[in-house]
Amino acid sequence: FLNKNYGKYVITGQYAADGDNADIELIYHTTGQKPVIRFSELNISDDGLNEDADAAAEWYKNGGIAFVSWFWNAPSDTKSGVYKKDTDFSLANAVTDMDIAELTQDEIRGLYNDGAVSEECYRLILDIDSMAEKLGKLQEQGIPLMWRPIPEGSGDWYWWGADGAWAYKWLWELMYRRMTVLCGLDNLIWVWNGQSAETMPDKSTFDIHDRVNYSAIKSELKINEAHTII
């Protein structure tokens with residue numbers, strides 16, 4: 001649908017702050033029309049997650065497109081938040097040269113116990129797997145999602161961008177391989193929003209570039225049917 005209409009029509013969307021779609025209903029009562037895309041957020045906390053996931057699923061079942069972002073609370077048990085200023089978590093400490101993307105949790109736990117990977121690395125894996133489990137429940141229902149994790153990676157305000165492009169790209173590619181290969185998720189349309197050529201991961205790991213600063217990366221990204229600019 002996106003490729004068929006790319007360059008021909010404007011496909012509207014609206015952020016829904018909660019599961020009752022009050023923002024979208026306001027648009028409907030004002031205009032008599034509803035947007036195609038419902039934007040929302042998912043997280044791995046149990047609080048409100050089922051409601052958010054159910055609302056995204058219901059939107060798709062009613063003929064719309066569900067678009068979810070992951071603003072990831074840092075996996076720290078002392079200071080957690082999405083902003084670097086609110087957490088003591090260091091992504092740089094999590095990065096490893098070892099290829100761990102397709103290892104089981106038991107295997108990675110063994111590496112952590114042996115001191116081969118850091119606690120930060122192990123905590124990242126646990127969070128990725130928890131989110132993959134939530135997304136997998138939507139896959140079981142046949143629900144596709146436009147999936148936009150860790151956005152705005154070129155900035156230093158979120159913890160996933162604060163340690164530089166090399167760490168951000170490592171995290172993105174780790175998440176992509178783990179979710180798609182190890183966890184078998186094939187219901188996700190990956191939307192990358194890293195904003196700059198320096199933070200752009202391997203082009204095989206995303207389907208859509210959510211344009212923020214297109215002029216900065218247009219020479220790096222060849223647009224075709226597999227990579228759509230929105």
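Helices here are DSSP runs of H or I with at least four residues, strands are runs of E with at least two, and both are numbered from the N terminus. The model is a predicted one, in which local features need pLDDT of at least 70 and side-chain atom pairs count only at pLDDT 80 or more, while totals for chains, interfaces and linings use all residues. Residues are numbered from 1 along each chain as its sequence is written, and side-chain values use heavy atoms, with hydrogens and water left out.

Start at the end of α6, which is followed by Gly142, a residue with a positive phi near 75 degrees. Now look back along the helix. The end C-alpha atoms of α6 are 32 Å apart, in agreement with the 32 Å that its 22 residues should span at 1.5 Å a residue (the expected span is 1.5 Å times one less than the number of residues).

Next comes a neighbour. Helix α5 (residues 105–113) packs with α6 (residues 119–140) at an angle of about 165 degrees, their axes 9 Å apart. Axes are lines fitted to C-alpha atoms, for helices over the stretch in contact, and angles run from 0 to 180 degrees between N-to-C directions. The two helices are therefore roughly antiparallel, a label for angles over 145 degrees.

Finally, Arg123 forms a salt bridge with Asp77, with the closest N and O atoms 3.0 Å apart (a side-chain nitrogen of Lys or Arg within 4 Å of a carboxyl oxygen of Asp or Glu). Arg123 lies in α6 and Asp77 in the loop between β3 (65–70) and α4 (91–94), so the pair ties together parts 46 residues apart in sequence.

Methods. Angles under 35 degrees count as roughly parallel, over 145 as roughly antiparallel, 65 to 115 as roughly perpendicular and the rest as oblique.
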